[in-house]
Amino acid sequence: YHLASNYPNPFNPQTTIAFDLPEAQSVRLMVYDIKGRLVKELISEPMEAGSHTVIWNGTDRSDRRVASGVYFYQIQAGPLNATKRMMLVK
(Lines give C-alpha, C1' and ligand atoms only; values in the text may rest on other atoms or scores of the structure.)
Protein backbone atom coordinates (compact mmCIF):
# COMPACT_ATOMS: atom_id res chain seq x y z
CA TYR A 1 0.00 0.00 0.00
CA HIS A 2 1.32 3.43 -0.90
CA LEU A 3 -0.12 6.94 -1.13
CA ALA A 4 2.10 9.25 -3.19
CA SER A 5 2.39 13.00 -2.88
CA ASN A 6 0.07 14.82 -5.25
CA TYR A 7 1.55 16.54 -8.30
CA PRO A 8 1.86 19.31 -9.05
CA ASN A 9 1.88 20.80 -5.56
CA PRO A 10 1.05 23.65 -5.23
CA PHE A 11 -1.48 23.32 -8.02
CA ASN A 12 -3.96 25.27 -10.14
CA PRO A 13 -6.43 24.24 -11.50
CA GLN A 14 -6.00 20.50 -10.90
CA THR A 15 -3.74 17.96 -9.25
CA THR A 16 -3.11 14.22 -9.59
CA ILE A 17 -3.16 11.83 -6.64
CA ALA A 18 -1.55 8.41 -7.10
CA PHE A 19 -1.72 5.31 -4.93
CA ASP A 20 -0.83 1.61 -5.13
CA LEU A 21 -2.84 -1.37 -3.93
CA PRO A 22 -1.16 -4.79 -3.57
CA GLU A 23 -4.57 -6.50 -3.72
CA ALA A 24 -8.18 -5.70 -4.57
CA GLN A 25 -9.58 -3.47 -1.86
CA SER A 26 -12.46 -1.18 -1.02
CA VAL A 27 -11.07 2.36 -1.33
CA ARG A 28 -12.21 5.73 0.00
CA LEU A 29 -10.30 8.84 -1.07
CA MET A 30 -11.52 12.13 0.41
CA VAL A 31 -10.43 15.78 0.34
CA TYR A 32 -10.75 17.91 3.49
CA ASP A 33 -10.24 21.61 4.13
CA ILE A 34 -7.92 23.04 6.80
CA LYS A 35 -10.75 22.88 9.37
CA GLY A 36 -11.29 19.17 8.75
CA ARG A 37 -14.54 19.56 6.82
CA LEU A 38 -15.17 17.15 3.95
CA VAL A 39 -14.78 19.00 0.65
CA LYS A 40 -15.22 16.12 -1.80
CA GLU A 41 -15.20 12.34 -1.91
CA LEU A 42 -13.11 11.36 -4.92
CA ILE A 43 -13.45 7.57 -4.63
CA SER A 44 -15.72 5.25 -2.66
CA GLU A 45 -15.67 1.87 -4.40
CA PRO A 46 -13.86 -1.45 -4.68
CA MET A 47 -10.72 -1.24 -6.80
CA GLU A 48 -8.38 -3.81 -8.33
CA ALA A 49 -4.76 -4.29 -7.29
CA GLY A 50 -2.23 -2.06 -9.03
CA SER A 51 -1.30 1.58 -9.49
CA HIS A 52 -4.10 4.13 -9.67
CA THR A 53 -4.34 7.87 -10.29
CA VAL A 54 -7.17 10.28 -9.57
CA ILE A 55 -7.42 13.90 -10.68
CA TRP A 56 -8.97 16.46 -8.35
CA ASN A 57 -10.08 19.58 -10.22
CA GLY A 58 -10.34 21.83 -7.16
CA THR A 59 -14.11 21.62 -6.80
CA ASP A 60 -16.36 20.73 -3.89
CA ARG A 61 -19.26 18.25 -3.72
CA SER A 62 -21.47 20.76 -5.59
CA ASP A 63 -18.83 21.18 -8.33
CA ARG A 64 -18.05 24.74 -7.22
CA ARG A 65 -14.42 25.91 -7.31
CA VAL A 66 -12.89 25.98 -3.85
CA ALA A 67 -10.81 28.84 -2.46
CA SER A 68 -7.02 28.98 -2.48
CA GLY A 69 -5.50 27.34 0.55
CA VAL A 70 -4.28 24.14 2.18
CA TYR A 71 -6.26 20.94 1.72
CA PHE A 72 -5.70 17.38 2.88
CA TYR A 73 -6.40 14.16 1.03
CA GLN A 74 -6.97 10.95 2.93
CA ILE A 75 -7.10 7.38 1.70
CA GLN A 76 -8.62 4.41 3.49
CA ALA A 77 -7.90 1.05 1.88
CA GLY A 78 -7.45 -2.14 3.88
CA PRO A 79 -4.76 -1.43 6.49
CA LEU A 80 -3.81 1.85 4.79
CA ASN A 81 -5.12 5.02 6.41
CA ALA A 82 -2.91 7.88 5.23
CA THR A 83 -3.28 11.65 4.89
CA LYS A 84 -1.19 14.12 2.89
CA ARG A 85 -1.24 17.88 2.44
CA MET A 86 -1.68 19.86 -0.77
CA MET A 87 -2.00 23.53 -1.66
CA LEU A 88 -4.30 25.19 -4.18
CA VAL A 89 -2.98 28.55 -5.40
CA LYS A 90 -5.01 30.84 -7.65
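The following legends describe close-up views of one predicted protein model.

Residues are numbered from 1 along each chain as its sequence is written, and side-chain values use heavy atoms, with hydrogens and water left out. Because the model is predicted, local features need pLDDT of at least 70 and side-chain atom pairs count only at pLDDT 80 or more, whereas totals for chains, interfaces and linings use all residues.

**Figure 1. Overview of the strands in the protein.**
The protein contains zero helices and seven strands. Helices (H or I, at least four residues) and strands (E, at least two) are DSSP runs numbered from the N terminus. The radius of gyration, taken over C-alpha atoms, is 13 Å, close to the 12 Å that the globule rule gives for 90 residues, so the protein is as compact as a globular protein of that length. The globule rule is 2.2 Å times the number of residues to the power 0.38. Along its principal axes, the C-alpha trace spans about 35 × 20 × 20 Å. Of the 90 residues, 39% count as buried; buried means under 20% relative accessible area, exposed over 50%, and partly exposed in between (1.4 Å probe, protein chains only).

**Figure 2. The open sheet of E1, E2 and E5.**
Three strands form an open sheet in the order E1-E2-E5, with antiparallel pairing. Two strands pair if DSSP finds at least two bridges between them. Strand E1 (2–3) and E5 stand at the edges with a single partner strand each, so one side of each is left without a neighbour in the sheet. E2 and E5 are joined by seven bridges. Within this pairing, Asp 20 has Ser 51 in E5 as its bridge partner.

Strand E3 (residues 25–33) pairs with strand E4 (residues 38–47) in the antiparallel sense over eight bridges. Leu 29 stands opposite Ile 43 in E4. Four residues lie between the strands in the hairpin of E3 and E4, where Gly 36 takes a positive phi near 85°. E3 also runs antiparallel to strand E6 (residues 69–77), to which seven bridges join it. Here the bridge partner of Met 30 is Gln 74 in E6.

**Figure 3. The largest nonpolar core.**
In soluble globular proteins, nonpolar side chains tend to be buried together. A nonpolar core is a set of buried Ala, Val, Leu, Ile, Met, Phe, Trp, Tyr and Cys residues joined through side-chain atoms within 4.5 Å. The largest such core in this protein has 22 residues, and those with the most contacts inside it are Phe 19, Val 27, Leu 29, Trp 56, Tyr 71 and Ile 75. Two or more residues come from each of strand E2 (15–21), E3, E4, strand E5 (50–56), E6 and strand E7 (80–88).

**Figure 4. The surroundings of Trp 56 and Val 66.**
Contact means heavy atoms within 4.5 Å. Not counting residues up to four places away in sequence, Trp 56 touches several residues, among them Phe 11, Pro 13, Val 31, Leu 42, Val 66 and Met 86. Val 66 is found in the loop between E5 and E6 and counts as buried at 9% relative accessibility. The C-alpha atoms of Val 66 and Glu 45, 21 residues apart along the chain, are separated by 24 Å.

**Figure 5. Salt bridges.**
Side chains of opposite charge can pair when their charged atoms come close. A salt bridge is a side-chain nitrogen of Lys or Arg within 4 Å of a carboxyl oxygen of Asp or Glu, and by this rule the count comes to four. Glu 41 forms a salt bridge with Arg 28, their closest N and O atoms being 2.8 Å apart. This pair links distant parts of the chain, with Glu 41 in strand E4 and Arg 28 in strand E3, 13 residues apart. Glu 41 is partly exposed at 35% relative accessible area, and Arg 28 is also partly exposed, at 33%. Another salt bridge joins Asp 63 and Lys 40 (3.1 Å, N to O). Asp 63 lies in the loop between E5 and E6 and Lys 40 in strand E4, 23 residues apart. Asp 63 counts as exposed at 57% relative accessibility, whereas Lys 40 counts as buried at 15%.
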